[in-house]
Amino acid sequence: TDLQPIVLIAESFNVLMVRESLPVKSVAELIALARAKPGKLTYASAGSGSATHMAAELFKYMTKVDILGIPFKGGAPGQVALMGGHVDLNFETAGTAGPAIRSGKVRALAVTSAARSASFPDLPTIADSGVPGYASVPWYTVSTGKGVPAEIVRKLNADINAVLKSPELAKRWEVLGVVPLGGTPEDALRRNQAEIKRWEAVIDAAKI
């Protein structure tokens with residue numbers, strides 16, 4: 001409530017991956033295994049409240065599975081733990097999932113975006129894999145403090161929107177699995193409010 005949005009910068013997604021030796025090859029099989037072994041499967045996260053943590057908690061909330069979260073001090077240590085077989089799964093950020101998949105030490109099952117991603121065209125969405133309505137899409141907003149004059153907010157909005165249309169930026173973000181957005185301050189406010197409302201139930205259920 002101390003902030004006022006200027007513009008939506010971008011949105012991203014995560015990739016649901018399991019250790020190579022886990023005997024599952026689809027989201028449905030992962031759910032079945034988790035239900036057969038409640039509390040036994042572990043997932044790595046980049047820490048409490050991180051995008052990787054929230055994607056996993058939303059998955060738990062919507063599928064009613066009991067999997068144990070292991071918070072690491074960042075995404076890289078969690079990814080190393082998954083590749084080493086020390087945890088069973090994670091929801092890795094799109095920008096760093098590729099190298100892990102190519103290593104052959106993990107198996108990618110699905111993406112957390114609402115639609116398939118051009119960065120991972122062979123992967124289905126979790127929503128299309130038996131969890132209808134699932135989508136975990138981290139979003140990024142530039143904001144300023146309440147009380148900044150409207151003309152300054154409009155100027156910043158126009159300037160940042162111009163940058164977001166840069167072809168060079170689009171190419172760089174495509175590699176990272178990030179989609180530029182832009183729009184008006186009102187668009188950013190609506191997105192922020194909708195996301196806050198959407199995640200409240202998950203946060204309450206997980207006691208975060």
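This is a predicted model: local features need pLDDT of at least 70, side-chain atom pairs count only at pLDDT 80 or more; totals for chains, interfaces and linings use all residues.
Biologist: What makes up the chain in terms of helices and strands?

Modeller: There are 7 helices and 8 strands.

Biologist: Why is the chain called as compact as a globular protein of its length?

Modeller: The globule rule gives 17 Å for 208 residues, and the radius of gyration of the chain is 18 Å, which is close to that value, so the chain is as compact as a globular protein of that length. Along the principal axes, the C-alpha atoms fill a box of roughly 55 × 35 × 30 Å.

Biologist: What percentage of the residues counts as buried?

Modeller: A residue is buried when its relative accessible area is under 20%. By that cut-off, 44% of the 208 residues are buried.

Biologist: What makes up the accessible surface of the chain?

Modeller: The surface comes to about 10800 Å², and carbon and sulfur atoms hold 59% of it.

Biologist: How do you know that S1 and S8 pair?

Modeller: Two strands pair if at least two bridges are found between them. Strand S1, residues 3–11, and S8 have 2 bridges, so they meet that cut-off, and the sense is antiparallel.

Biologist: Why are S7 and S8 said to stand at the edges of their sheet?

Modeller: The open sheet has 3 strands in the order S7-S1-S8, with antiparallel pairing. Strand S7 (139–145) and strand S8 (179–180) each have a single partner strand, so one side of each lacks a neighbour in the sheet.

Biologist: How far apart are the mean positions of the positive and negative charges?

Modeller: For the 23 positive and 19 negative charges, the mean positions are 5 Å apart.

Methods: Residues are numbered from 1 along each chain as its sequence is written. Side-chain values use heavy atoms; hydrogens and water are left out. Helices (H or I, at least four residues) and strands (E, at least two) are DSSP runs, numbered from the N terminus. The radius of gyration is taken over C-alpha atoms; the globule rule is 2.2 Å times the number of residues to the power 0.38. Buried means under 20% relative accessible area, exposed over 50%, partly exposed in between (1.4 Å probe, protein chains only). Accessible areas come from the Shrake-Rupley method with a 1.4 Å probe; for residues, only the protein chains shown count as cover. Lys and Arg count as positive and Asp and Glu as negative; His and the chain ends are not counted. The place of a charge is taken as NZ of Lys, CZ of Arg, CG of Asp or CD of Glu.
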